[in-house]
Amino acid sequence: MPEKNLYLDDLYVGQTFVSGEHLLDEAQIIAYARQFDPQVFHLDPEAAKHTFFQGLAASGWHTASVSMRLVTESIPLADGVIGGGMEELAWPQPTRPGDRLHVESEIVEIIPSQSKPNRAMLRVLCQTKNQRGEVLQRFRPKMLAFKRPAA
């Protein structure tokens, strides 16, 4: 389990975080798709065989939602994971039923605020991988981090 309540003072470029896992099954994929992305390749395993994906695939937004949970659990910033935008979001290959997802994150840059010396923007590379180590999603969020409050 990662250290609790990390402040800007605790962070450095090259620092890595690895999340726990989330097993994605057919029922989760279909339930998410029914509510948020109702396309045949996310809803119907048989019909999905005749699509570009050649089988049931999770919505990219479903993969992103699971990834967000895994990131917030694995990067315990003291004030929470406050997003400052996304520089990249890509799905190199589909997420499938039975995939066991985890996120590997690395701080690639720390940009101190010019106007507020108690904070900085973190540029982070995150990769959502399955049990075979295949990258299913790659994203580069910006996260706000704060210095430890004065005692």
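Which residues form one aromatic cluster? Phe-41, Phe-52 and Phe-53 do. The model shown here is predicted, so that local features need pLDDT of at least 70 and side-chain atom pairs count only at pLDDT 80 or more, while totals for chains, interfaces and linings use all residues. Residues are numbered from 1 along each chain as its sequence is written, and side-chain values use heavy atoms, with hydrogens and water left out.

**View A. The pair of Phe-41 and Phe-53, within the aromatic cluster that also holds Phe-52.** A search of the whole structure finds four aromatic pairs, where rings of Phe, Tyr and Trp (its six-membered ring) pair if their centres lie within 6.5 Å, and planes under 30 degrees apart count as stacked, over 60 as edge-to-face and the rest as tilted. The pair of Phe-41 and Phe-53 is tilted, because the ring centres are 4.9 Å apart and the planes stand at 50 degrees. Phe-41 belongs to helix α2 (residues 40–43) and Phe-53 to the loop between α3 (45–48) and α4 (60–74), so that the pair links distant parts of the chain, 12 residues apart; helices (H or I, at least four residues) and strands (E, at least two) are DSSP runs, numbered from the N terminus. Phe-41 is buried at a relative accessible area of 18%, whereas Phe-53, at 22%, is partly exposed; buried means under 20% relative accessible area, exposed over 50% and partly exposed in between (1.4 Å probe, protein chains only).

**View B. The edge-to-face pair of Trp-61 and Trp-91.** The two rings lie 5.2 Å centre to centre, with 80 degrees between their planes. Because Trp-61 lies in helix α4 and Trp-91 in the loop between β3 (82–90) and β4 (100–112), the pair ties together parts that are 30 residues apart in sequence. Trp-61 is partly exposed, with a relative accessible area of 48%, and Trp-91 is likewise partly exposed, at 35%.

**View C. Helix α4 and the elements against which its buried residues pack.** Helix α4 has 15 residues and reaches 21 Å from its first C-alpha to its last, close to the expected 21 Å, a span taken as 1.5 Å times one less than the number of residues. Its buried residues include Gly-60, His-62, Val-66 and Leu-70, and the buried residues of α4 pack against elements including α1, β4 and β6 (135–146), contact meaning heavy atoms within 4.5 Å.
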